[in-house]
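Please consult the sequence and the structure shown below.

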Amino acid sequence: SSGINAEWPLRPGSFCSNTTVNIEEFIKDLWKILLGRFSDEDPEIVKVCWEAFNTATKRLLPGDQVRLVPDLRTAVSMSVDMKNKRDASYTLPGFCLPKGIHAIVALYREGILNGTPELKEHSILGIKEAIQLTNTVALKPSVVQITGPLIRVLGERYVPNIKAACLDALSLLIDKVKIALKPFLSQLQTTFMKSLHDTNRDVRNKGVNALTKLVTFHNKVDNLFTDLHSGTKNTDLSIRETMLSALHGTMLHGGSNMSQSLAHSISTTLATNIGAPEDAIRIANGACIGSLASFFGEEELLKFINDNIISGGGNADAQIKHGRAMALAGLFKYSPDRICKLEILRSIVMSIAKLLDSDKVPVCNSACYAASHVIIHLLKRGDDPDDCMQHLLTCLVQNCSHGTSNDIRSFANNMVHMISISTPGVDPPLSDQNISKFLVPLLDSTTRKIPLVRSSSESAIATLLQLNHGDEIVERVKGLLDNKSLDTLYRFLPTARRVANDYRTYSSHEDDLFGKFSSKN
């Protein structure tokens, strides 16, 4: 009965409270048993198991706590079944009781402060796992005990994987408790900014992610943006790229609190970076321009676009053309509604079309990326002013059948894939006539010997025809195909269906030039 079940955890709890026996040799089994009931359907069992767990764990000496950190992580992991591990929103009921993670945090804290480097990393990862499995209400009382040691570790010289683990844990904590971290705002900002200068790329990227989240509850942001703006002029290329990435994420999520004078100063730097000699800087700069557009004054934004992006003749060098294409992509990935309100859509589309004619692969592909984001936005909006979308679709079809560059052809195929999986609420995303126009070059690509071209066309066809929902679109468009394409379609359909039934086909796509940057989604 429930009463009997609820009674047995009290026995080890009572034993641990009163015995003088060293319980270290029993603690691993106790942890597995007690944590295994933290998700019991009976709340009373969860409660008494939690009480027994706390009692047993608090009996451990500090040295034993540190040494047993990996065993505690294992016991926690075993307490969550595979289905719930795949659910990022799942919380463990025993952790969500009042002071539910108090004993666990205390043990991991001991490991962070006094363990060897290996045990420090285990402890930090354990803290992160505990945060993931705990709800906001239960986490808040432990914010100080969690945050202090993590900041301390980041302030010292440890190997990159320890720093990266700390930044991951703090990012997750920000997600969970947000404003409860406000007393640590200054320390966290300083710590995250320091990580942007780290020699390790993974640490820098995780610092960018953490800073982007921190800015969501940061009201006085000008000092932060001033520091980031200064960092974009660093002589070290990797640091400049990191600073631009951080500037993008923080502007996207907190730029509305920035003063217009500072925004204008940043816009001047971004205009200069359009023609930067490094590809990575031009790509990051394009993302920054997109996030700046989300809050920049309307008149200033219109002038910025006219003066720096859609003006100028075709005699600009390849670097500037590439920078403009990335800027156009940034505008429509991060601020499409604002751009459409400026009533310059046709001018933008004409600029993209000119860039698509470039014989330079980076310029052509970046313009193709920009065109695809314009198409995605117009499909979601449900209209096509001045046939702008149709014009870009025609250009994209041409790139899918490009005769001299396999790189351009495969990239265009991937953009068809991106468009198809980015418009799930639009059914179908494209008209039957447009689908049939794309199918001709895509089906031809399935017969090519170049693996990159062939594989990109397979994903494009599977998603364009929505084969995961059946053959309805196939039946509608087959009458619009020429005999050669129709024959290829019938031979290729079994492969396309296998691709369509792979969930990975819908979770990502190749050639997402802004893939590593933050978005609103």
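**Salt bridges in the predicted model**

Being four residues apart in helix H19 (residues 298–308), Asp307 and Lys303 are separated by about one helical turn; helices (H or I, at least four residues) are DSSP runs, numbered from the N terminus. This is a predicted model, in which local features need pLDDT of at least 70, side-chain atom pairs count only at pLDDT 80 or more, and totals for chains, interfaces and linings use all residues. Residues are numbered from 1 along each chain as its sequence is written, and side-chain values use heavy atoms, with hydrogens and water left out.

- A search of the whole structure finds 22 salt bridges, each defined as a side-chain nitrogen of Lys or Arg within 4 Å of a carboxyl oxygen of Asp or Glu.
- Side chains of opposite charge can pair when their charged atoms come close.

**Pair in helix H19**

- Asp307 and Lys303 form a salt bridge with an N to O distance of 2.7 Å.
- Lys303 is exposed at 53% relative accessibility, whereas Asp307 is partly exposed at 43%.
- Buried means under 20% relative accessible area, exposed over 50%, and partly exposed in between (1.4 Å probe, protein chains only).

**Pair in helix H18**

- Arg282 and Asp279 lie three residues apart in helix H18 (residues 279–292), about one turn of the helix.
- The closest N and O atoms of their salt bridge are 2.2 Å apart.
- Arg282 is buried at 5% relative accessibility, while Asp279 is partly exposed at 43%.

**Arg37 and Asp40**

- A salt bridge links Arg37 with Asp40, the closest N and O atoms being 3.0 Å apart.
- Arg37 is partly exposed at 22%, and Asp40 is partly exposed at 23%.

Conventions. Helices (H or I, at least four residues) and strands (E, at least two) are DSSP runs, numbered from the N terminus.
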